[in-house]
Amino acid sequence: MPERILLTVNGVSREVAAGPDTPLLYALRNDLGLTGTRFGCGSGECGACFVLIDGYPAPSCDTPLWAAAGKAITTIEGLSANGQLHPLQRAFIAEQAAQCGYCMSGIIISAAALLANNPHPTDAEVRAALDRNLCRCGAHNRVVRAVLRAAAESAP
Ligand code: FES
Ligand code: FES
């Protein structure tokens, strides 16, 4: 039975009508129109659907709405502020980090969580932080360069 479930997405309170076991990913994409978050494996294995939940990268495909309610959810659309791209988004463009791009929103979400807690990560720390994000195009090295570039250009 659908229920009214309140979510806080990108700082805005949103209501969806859905079963409480519905994956957060479905509500983001199908009810709220936030299609930057991608469906990949659907089972918590690939990272394509990652969003920040209370600041931690989490698979929205594997997070039921009942568990997301009351938490602060940030999607790729919520990273930019005042019409300005997030430093990671600028760096990914500058490094031409994406190939097909399908994995990129999940990767940028994981990288944003890393830089929020560790503004000066090492190469190894970036690789460890992105360990749960798969990229079937093999763009990993360009991705790591982009995250290090974003850190260098934005950290005090
Ligand atoms: S689609 Fe969610 S982890 Fe792969
Ligand atoms: S750029 Fe294609 S899957 Fe990562």
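Y102 sits in the loop between α3 (87-94) and α4.

Quick housekeeping: this is a predicted model, where local features need pLDDT of at least 70, side-chain atom pairs count only at pLDDT 80 or more, and totals for chains, interfaces and linings use all residues. Residues are numbered from 1 along each chain as its sequence is written, chains are lettered from A and ligands numbered from 1 in the order written, and side-chain values use heavy atoms, with hydrogens and water left out.

Now, Q89. That one lies in helix α3; helices here are DSSP runs of H or I, at least four residues, and strands are runs of E, at least two, numbered from the N terminus. Is Q89 buried or exposed? Buried, since its relative accessibility is 14%. Skipping neighbours within four places in sequence, Q89 is in contact (heavy atoms within 4.5 Å) with I76, S80 and I108.

On to the sheet. It's open, with 5 strands in the order β2-β1-β5-β3-β4 and mixed pairing; strands pair if DSSP finds at least two bridges between them. At the edges, pairing on one side only, are β2 (12-18) and β4 (56-59). Strand β1 (residues 3-9) runs antiparallel to its partner β2, over 7 bridges, and E3 stands opposite A18 in β2. That's my tour, folks.

Conventions:
Buried < 20%, exposed > 50% of the residue type's maximum accessible area, 1.4 Å probe, protein only.
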